[in-house]
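Here is a structure to work through in short turns.

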Amino acid sequence: MDKVSSDCPYPGCFFCVMKEGNPSKRRASVLKFFRELPCQDDDGQVLPISGLWNTAMAHPNDPEFIELGIFECMSALIWKGLKNRRWLSHDQNIYIPYYAAHIIGSYTMNMEEFAENAVHAGVIPPLVELLRGRLTWVEQRVAVRALGHLATYASTFPAIASHGEILELSIQLAMSSLEIVYSHFYQYVDRRLSYHCDLLTRGMGGVEMESRKAEEWASQLQCWSLQLINCFAFKHEFLPTICKPEFLIKLPGMWGGLVNENSPAGIGLLRTICHQKLGRGPVASCPGIIDALCNIARSSDDWQYMAIDCLLWLLQDPNTCHKVIDKVVPVLVDLAEITTLGDHKKLGDSIVNVLQECIQFQGSGRSSISNRTKEQIEDILNSKQRLKWEKNMPKEDLHIKQAAALVVKLEGNSLFSSGNISGAASKYSEALSLCPMRSRKERVVLYSNRAQCHLLLQQPLAAISDATRALCLHKPVNRHAKSLWRRAQANDMLGLAKESLLDAILFINECSQSNDPDLSLRQNKVPDYAERLVKKQMRAAWLFREAAVKHGGVHSQGDGGDMYGPETDDSEWETASESDIGNDGRDDMGDDDDGDWNNDDERKDYDKPSMKDIKHGYNVQLEEEP
């Protein structure tokens, strides 16, 4: 049997207790430790708390400490820190409320039974005080995390909801969290609290690492606040509080950034709101939200499908359809040929069915559709009918149509090379009308070529539309490198930094995996034009940008704040349309595998690369000739 060390100077030391070999004695000692710890004022209390913090993260489903009163102990320690500032400032006790709230959150993360135990132990009131900001944003972060876990369970949500201020506090925190972290920590290096720096980097990093981690934690603070609000959004009685215009309009911009790509953030909450009838009205009444949802739906965002769901639900609701239809239909038409998006199977068919319902609503007098919108819906319905007809056509007739489309496409290529961009675009449109619907690969090329024409004609919306259609047709979806780059340029022209950034990053990733010699990265270097666009958009979409502008950290549109050091002079940056290549961009053109008309449905999909991984160390050249 292991024996407690006789050399330890601290009677009842937690680490010595954990070495006890007799299970009964060990449990009794741990129980006593948890009961007595909040009443002690000895130095060194942070050491066992940090040990418990490690244990909770490593073994969150272990019931031993739950049964012995860890929640009561952590709750009492938080109260002690809130009420006894003298104790809090002594030794290293300043760390204890953070660790205590984190421990509560870890143990309630997976097990509803543990969450119920925590509620009965009285953890909610002290966590709410931390949420109020009674200490600092660091403690707010772990408090909202713990409360979010408690709110996810049906048995413990009522206890969270009974504290009416939690929802209001979470909404305020979601809107202000980035500014709080920027102004209280990020902006002034010499004013950073040392214990904040230690917690952020575990004592292993300098100023640069502190800044990077602060951005990550700020994103988590915002996203965990949104997760907590999302739990309330499933209950219709809380929607009036959530669906206030000043909050809703900000949700699409709360995206987690590249540092927190695994959180659906604002779009996830909007999806929950739009899923409910009571929530769709306020969303539809805010044109800015609809515009943002349309932009996300036509992007390579991980949460693209959530935006599509929102648009479909808004169209299906007779009370909101008439408010959004003219904006939403063009976007859904561009997406109608998509097949699978993540776990969403036959998404394009679902889109077409909803668009067809819109026509039927008009026929029954339940909604009003503009002539232009009606034409767009009828065009996509005719395309689907055309696909059915082609299945019964003789192969010889299909080959004739394919050959005719190829001839017209080559005519468009010739016009493009001679500088007649408008003429080339018309030829590509004609070729699309001839090209069999099942020839997806060639249609990808035609849409992508026409998108380049629209770029050169300074028609970014049309370029986004065609590039999106190409990306939907491509197998795998959203993986056609040339269309990604063209849409990145078009989004840049419209000032859509986040959408442009995501497309540009995926473009580089696709080039690194491509067998196409025109796209393969050479000389272990990312092309200058792609790197410039990525850097430009990272600055424009920087999480702290709005806060930095407000607090004087950014002095002009081209300035990305002090995280970017000396590269804040926007004079070195060109627009995407300028930064591509010379010759009016006409070298960035052409088609892929010109002679291959086969349907490439047999190609297998693969996982989306991480948005954090830009895959430096490659070179790519875009030299496309139609």
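Q: Which residue does Lys427 meet in a salt bridge?
A: A salt bridge here is a side-chain nitrogen of Lys or Arg within 4 Å of a carboxyl oxygen of Asp or Glu. The side chain of Lys427 has such a partner at 2.9 Å, N to O. That partner is Glu411.

This is a predicted model, where local features need pLDDT of at least 70, side-chain atom pairs count only at pLDDT 80 or more, and totals for chains, interfaces and linings use all residues. Residues are numbered from 1 along each chain as its sequence is written, and side-chain values use heavy atoms, with hydrogens and water left out.

Q: How many residues apart in sequence are the parts that Lys427 and Glu411 tie together?
A: Helices are DSSP runs (H or I, at least four residues), numbered from the N terminus. Lys427 lies in helix 25 (residues 421-434) and Glu411 in helix 24 (residues 395-417). The pair therefore ties together parts separated in sequence by 16 residues.

Q: Is Lys427 buried, partly exposed or exposed?
A: Buried means under 20% relative accessible area, exposed over 50%, and partly exposed in between (1.4 Å probe, protein chains only). Lys427 has 22% relative accessibility. Lys427 counts as partly exposed.

Q: Which residue forms a salt bridge with Asp309?
A: Asp309 sits in helix 20 (residues 304-316). At 9% relative accessibility, Asp309 counts as buried. The closest N and O atoms of the salt bridge are 2.8 Å apart. The residue paired with Asp309 is Arg271.

Q: Where does Arg271 lie, given that the pair links distant parts of the chain?
A: Arg271 and Asp309 are 38 residues apart. Arg271 is partly exposed, at 26% relative accessibility. Arg271 lies in helix 17 (residues 265-274).

Q: Which residues contact Asp309, leaving aside its neighbours within four places in sequence?
A: Contact means heavy atoms within 4.5 Å. With those neighbours set aside, Asp309 touches Arg271 and His344.

Q: Which helix holds both Glu531 and Lys535?
A: Glu531 and Lys535 form a salt bridge, their closest N and O atoms being 3.5 Å apart. They are 4 residues apart, about one turn of the helix. An α-helix has 3.6 residues a turn, so residues three or four places apart point the same way. Both lie in helix 30 (residues 528-540).

Q: How are the rings of Tyr182 and Tyr186 arranged?
A: Rings of Phe, Tyr and Trp (its six-membered ring) pair if their centres lie within 6.5 Å; planes under 30 degrees apart count as stacked, over 60 as edge-to-face and the rest as tilted. This rule gives 22 aromatic pairs. The centres of Tyr182 and Tyr186 are 5.7 Å apart and their planes at 20°, so this pair is stacked.

Q: How are the rings of Phe232 and Phe238 arranged?
A: Both Phe232 and Phe238 are buried. Their ring centres are 5.0 Å apart. Their planes are at 90°, so the pair is edge-to-face.

Note on methods:
Helix = DSSP H or I, 4+ residues; strand = E, 2+ residues; numbered from the N terminus.
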